[in-house]
Each structure stands twice: as C-alpha cells, then as structure tokens.
Amino acid sequence: MITLDYRTNNPRWGISGIVYASWERFAFALGYLANEAHYRNRNRGGLLELHFERNDAQGAWGKEGRIQYYGKEAYLASRLADWYYVKSAGNGSITCRMNSNDYMYSLVNDFGFREERYEDFTTADIFPPSVEPYSSVWAVLKDHLQKNNWDDAGIENIFRYYTEGWNE
C-alpha cells in the first residue's frame with residue numbers, strides 16, 4: 001500500500017520503519033531508488049543496496065527489508081532525512097541501515113521493483129523495474145495521487161521532486 005507511514009510493530013523490537021514527513025520527500029526518495037545507478041551492487045559509485053534478509057528462515061519474526069547505505073551520514077541527513085531519522089548502525093563498509101519491511105514490500109508489490117534471489121543464500125537483492133524504471137515507477141505514483149484527488153499543479157510539484165531524486 002502506498003502511504004507515507006511504513007512503520008510496523010514487531011512483537012520483539014517494537015515500532016520500526018520509515019515514515020515520510022511529506023509527499024515531496026517520499027517522491028524524492030522514490031526517484032532516487034528508481035535509478036539503478038544509485039545501487040552499489042550495480043554501480044561502483046552507488047551509495048545503497050536494498051535487501052530482503054530471510055531472518056525468518058533462522059527463527060526470527062520475519063523477513064527484514066533493509067536499505068543499506070554506504071555514503072556519508074551528512075549527505076543522508078540533508079538529502080534523505082526520513083531515512084536518517086530511522087537509521088541504525090551499519091557494520092563493515094555499511095555506514096548505516098534503515099529497516100522497513102512494509103516499505104520494501106511496497107516497492108516490490110506496488111511499484112514493480114524486483115527481487116533477485118540467489119541459490120544457497122537467504123538474502124535477496126531488490127532492484128528497480130527492468131523496463132523503463134523512471135517512467136514506470138512514476139506512473140504508479142502519479143496514478144496514486146490522481147486517485148486521491150490531487151490537482152495537476154500538485155502532481156507536477158511531486159514530479160519535480162521525483163525527478164530530482166532520480167537525477168541526484
């Protein structure tokens with residue numbers, strides 16, 4: 001479901017996940033994620049990786065959807081503040097990570113992001129749609145806004161943020 005609030009209540013750890021302060025910030029982040037050039041596991045200059053970790057296969061509560069971030073925290077704080085607010089410590093070369101199962105499910109189920117699974121591994125990578133990700137992801141968000149009675153000027157404003165995120 002497309003929403004600004006992707007928090008869940010884990011019986012063991014409590015409330016966690018991403019909540020966006022505005023549709024503009026949501027659109028910027030979505031545009032950023034829709035561009036595969038931002039993915040470290042596709043481009044050496046990329047700053048992130050998206051994963052589903054099958055912690056449930058090891059007795060945990062369920063799959064864990066994660067954004068792993070490899071850049072400077074100051075950049076994250078200034079450009080993707082909603083992620084910064086929910087970050088947890090990284091390890092190794094990972095600067096920090098943002099856990100948000102429902103957001104990862106929305107990327108896959110609502111926006112057409114794809115899971116790549118690997119034999120003998122419990123972690124699946126998540127990538128933008130293979131075909132025309134810029135326009136296909138935007139089309140889903142635009143349709144959502146139209147169904148929620150946004151006017152053309154408001155949608156155009158959100159599109160500017162989406163494009164800015166894509167071009168970041």
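I'm counting a polar contact as a pair of N or O atoms within 3.5 Å; within protein, one must be able to donate a hydrogen and the other to accept it, and residues adjacent in sequence count only if both atoms are side-chain atoms. This is a predicted model, so I keep local features to pLDDT of at least 70 and side-chain atom pairs to pLDDT 80 or more, while totals for chains, interfaces and linings use all residues. Residues are numbered from 1 along each chain as its sequence is written, and side-chain values use heavy atoms, with hydrogens and water left out.

**Asn99.** I looked up its side chain and found a polar contact of 2.6 Å to the side chain of Arg66. Asn99 sits in strand β6 (residues 96-99); helices (H or I, at least four residues) and strands (E, at least two) are DSSP runs, numbered from the N terminus. Leaving out residues up to four places away in sequence, Asn99 touches Gly17, Ile18, Glu64, Gly65, Arg66 and Ser88, where contact means heavy atoms within 4.5 Å.

**Rings.** I paired rings of Phe, Tyr and Trp (its six-membered ring) if their centres lie within 6.5 Å, calling planes under 30 degrees apart stacked, over 60 edge-to-face and the rest tilted. That gave me 17 aromatic pairs. Tyr134 and Tyr162 make a tilted pair, because their ring centres are 5.5 Å apart and their planes are at 40 degrees. This pair links distant parts of the chain, 28 residues apart: Tyr134 is in helix α5 (residues 133-147) and Tyr162 in helix α6 (residues 152-167). I also noted a cluster, linked by ring pairs, of Tyr6, Tyr20, Trp23, Phe26, Tyr103, Phe111 and Trp150.

**Burial.** My cut-offs are buried under 20% relative accessible area, exposed over 50% and partly exposed in between (1.4 Å probe, protein chains only). Tyr134 is partly exposed at 27%, whereas Tyr162 is buried at 0%.

**Helix α4.** In α4 (residues 101-109) I found Asn101, Tyr103, Met104, Ser106, Leu107 and Val108 buried. The buried residues of α4 pack against several elements, including α1 (23-34), β3 (48-53) and β6.

**Helix α5.** Which residues of α5 are buried? I get Pro133, Val137, Trp138, Leu141, His144 and Leu145. They sit on the same side of α5, because they cover an arc of only 120 degrees around the axis (the arc is that of the directions from the helix axis to the C-beta atoms). The buried residues of α5 pack against α1 and α6. Just after α5, Asn149 takes a positive phi of about 65 degrees.
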